[in-house]
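I set out to look up the annotated site and the sheet beside which I read it. The entries below record what I found.

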Amino acid sequence: MSGSLPSFSRAARRLVSSSNSFGAKSILASSFHTSIRPLSHTKVLTRAQLVSSTCRQARSFSSSNARPNVQKAKLYNRTGPFSLRSAILFVSVGACMVFYFRYEKARLERKRIVEMSKGYGKPKVGGPFTLKDTEGNDATEKILLGKYSMIYFGFSHCPDICPDELDKMGLAIDIIQEKAPNCLQSIFISCDPNRDTPEVLRAYLDEFHPSIKGLVGTWEQTKDVCKQYRVYFSTPPELKPGEEDYLVDHSIYFYVMDPEGDFVECIGRQDTPESAAAIVLDHIKDWTKEKKPIDRTPLPYIAEQNLAKEQAAKEMAAKGKA
């Protein structure tokens with residue numbers, strides 16, 4: 001009995017210890033779960049708070065900025081990357097570039113024609129001549145220097161073509177004078193030396209424009225200048241009695257010469273006063289753009305008009321003082 005007691009007591013102790021350990025484990029587990037629950041609960045609450053705060057921020061952001069952004073998106077989808085302002089700018093820049101390139105192309109073409117009109121340093125159209133003006137003074141090719149010149153060949157007994165062309169010349173002169181003052185001189189060279197004396201030519205040209213300068217010469221001089229300018233010349237060298245009534249065939253062109261006396265372009269009968277003036281003005285613009293010198297001394301008729309105005313103003317001032 002005594003030997004079994006110790007074994008019994010040991011078994012009882014084991015039972016008690018095992019029960020105690022089981023209770024401790026259960027107590028520990030319960031305490032662990034108890035400690036975990038508040039922690040997980042705390043985490044859940046924290047996430048909910050974060051989600052709710054984020055939603056509140058999103059609602060506030062969307063309420064303040066969502067509508068303008070939607071409007072911008074709709075406007076962008078409707079118009080694309082181009083707006084009215086960008087379209088106007090694009091069209092304006094394109095138009096300016098087209099105008100510039102067309103102007104430069106026309107200017108280079110005019111320059112090419114001018115260069116082609118010169119052969120080995122000498123002009124193919126135009127050259128030296130010796131004539132007389134309507135005042136009886138000698139006139140040579142040097143009168144062409146300094147200004148642009150518009151030269152026309154004709155005769156005073158011409159029934160229709162010369163008067164029409166001189167009327168056109170007079171209108172073109174006024175347009176050029178208004179836009180480029182004193183840059184052009186106009187010259188009429190007679191192809192009829194037998195009938196066009198300086199006096200006859202002066203009276204004839206006064207009917208058209210005061211700036212047109214008349215030049216006449218002998219038959220040989222006239223033939224020579226017509227040859228220089230490639231003008232058809234058919235006037236007989238001598239007239240027999242009763243042959244004074246005749247017509248002269250001649251070319252119908254205005255010859256435009258630059259301030260250096262070189263030929264630049266012809267103006268034909270198909271041109272209007274406006275188109276003729278535009279041609280000369282384009283050449284004047286090209287000349288001044290290259291910064292070449294041009295004589296802007298007032299033409300004689302302009303100087304006379306200015307002098308008359310000054311005298312009239314002085315007379316008016318003298319009457320006012322009296």
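My notes begin with the model, then take the site and the sheet.

I worked on a predicted model, where local features need pLDDT of at least 70, side-chain atom pairs count only at pLDDT 80 or more, and totals for chains, interfaces and linings use all residues. Residues are numbered from 1 along each chain as its sequence is written, and side-chain values use heavy atoms, with hydrogens and water left out.

Entry 1, the site. I looked up the UniProt record, an unreviewed entry, whose "binding site" annotation covers Cys158, Cys162 and His250; such annotations may be inferred rather than shown by experiment, and positions follow the numbering used here, with feature names shortened. These residues span 93 residues in sequence, yet no two of their C-alpha atoms are more than 10.4 Å apart, so they gather at one spot.

I placed Cys158 in the loop between β5 (148–154) and α3 (161–179), with helices (H or I, at least four residues) and strands (E, at least two) taken as DSSP runs numbered from the N terminus. Cys158 is buried at 9% relative accessible area, and His250 is buried at 14% (buried: under 20%; exposed: over 50%; partly exposed in between; 1.4 Å probe, protein chains only). Beyond four places in sequence, His250 contacts residues including Tyr152, Cys162 and Tyr232 (heavy atoms within 4.5 Å).

I read an open sheet of seven strands with mixed pairing, in the order β4-β3-β7-β6-β5-β8-β9; two strands pair if DSSP finds at least two bridges between them. Seven bridges join β5 to the parallel β6 (184–190).
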